[in-house]
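Hi,

Here's the structure I promised to pass on.

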Amino acid sequence: MSVEPEMPIAHVQATEMLKAVDGRWQSLIDHVGPCLHPVTAAQDPYQALVKGVAYQQLHARAGDAMVMRLRALFPASRFPEPQALAELDDQALRGCGFSASKSRAIKAIAAAKVSGLVPDVVEALTLSDEELITRLTELPGVGRWTVEMMLIYGLGKLDVMPASDFGVCEGYRRLYGLALKPTPKAMTGLAERFAPFRTVAAWYLWRVPLDFAAGEQVREA
């Protein structure tokens, strides 16, 4: 007999709240099962941003491979030191799989860590999500989605909805049997009812089966 993994208390609270939204959420959570979104201690925003750039518009496995190749260039440390990464030859980054634009972005992140624009984890936790988004999207190649991934996977925030994420919007379309995906602006508004657990809602939306709403009446968002 299989044993379901025990969820952290916040995840339990989140799933109970989402189940109460409507029957579709109840069915989705029953289908997917417990939320397995990782709960980790807050990490260095610099590292999380570099990883976020690697994963832009890629499958997670491809992003993982790029990060592993990057780390292999610096065997003496667990992750490249900011100064060393800022000075790294572009060809070395291209050899890791980073495009020219991604190479510029991660070198800009590294330089901004050296200058103090990218905060350490202690400072980051004192800032609001929007303050961090405004501050960090000044960097070339770092958009709102990349900072949101840092908030979710780097700082462990539970109330972040990456409304421009294709998988989130497509998941919502499938969940409600819509003809079209909601726009990022619409998704932001739709997600307000999932606060303060929008990260958990996104985790489930990423897992909506292709035919989940089959047979349901198609409606507009």
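**What I found**

Tyr46 is buried, with a relative accessible area of 2% (buried means under 20% relative accessible area, exposed over 50% and partly exposed in between, using a 1.4 Å probe and protein chains only). Before going on, bear in mind that this is a predicted model, in which local features need pLDDT of at least 70 and side-chain atom pairs count only at pLDDT 80 or more, while totals for chains, interfaces and linings use all residues. Residues are numbered from 1 along each chain as its sequence is written, and side-chain values use heavy atoms, with hydrogens and water left out.

**Aromatic pairs**

How many aromatic pairs does the structure hold? There are four. (Rings of Phe, Tyr and Trp, the last by its six-membered ring, pair if their centres lie within 6.5 Å; planes under 30 degrees apart count as stacked, over 60 as edge-to-face and the rest as tilted.) One of them joins Tyr46 and Phe79 edge-to-face, at 5.8 Å centre to centre and with 85 degrees between the planes. Tyr46 sits in helix 3 (residues 45-55) and Phe79 in the loop between helix 4 (60-72) and helix 5 (82-86), so this pair ties together parts that are 33 residues apart in sequence. (Helices are DSSP runs of H or I with at least four residues, numbered from the N terminus.) Phe79 is buried as well, at 6% relative accessibility.

Tyr172 and Tyr176 make a tilted pair, because their ring planes are at 35 degrees, with the centres 4.8 Å apart. These two are four residues apart in helix 11 (residues 166-176), so about one helical turn separates them. Both Tyr172 and Tyr176 are buried.

**Two helices packing**

Now look at helix 2 (residues 23-32) and helix 13 (residues 198-205): they pack at an angle of about 70 degrees, with their axes 10 Å apart. (Axes are lines fitted to C-alpha atoms over the stretch in contact, and angles run from 0 to 180 degrees between N-to-C directions.) That makes helix 2 roughly perpendicular to helix 13, a label for angles of 65 to 115 degrees (under 35 is roughly parallel, over 145 roughly antiparallel, the rest oblique). On the helix 2 side, Trp25, Leu28, Ile29 and Val32 meet Ala201, Trp203, Tyr204 and Leu205 of helix 13.

**Met149**

Met149 belongs to helix 10 (residues 144-154) and is buried, with a relative accessible area of 9%. Its C-alpha atom is 9.6 Å from that of Met161, twelve residues away along the chain.

Cheers

Definitions and conventions. Contact means heavy atoms within 4.5 Å.
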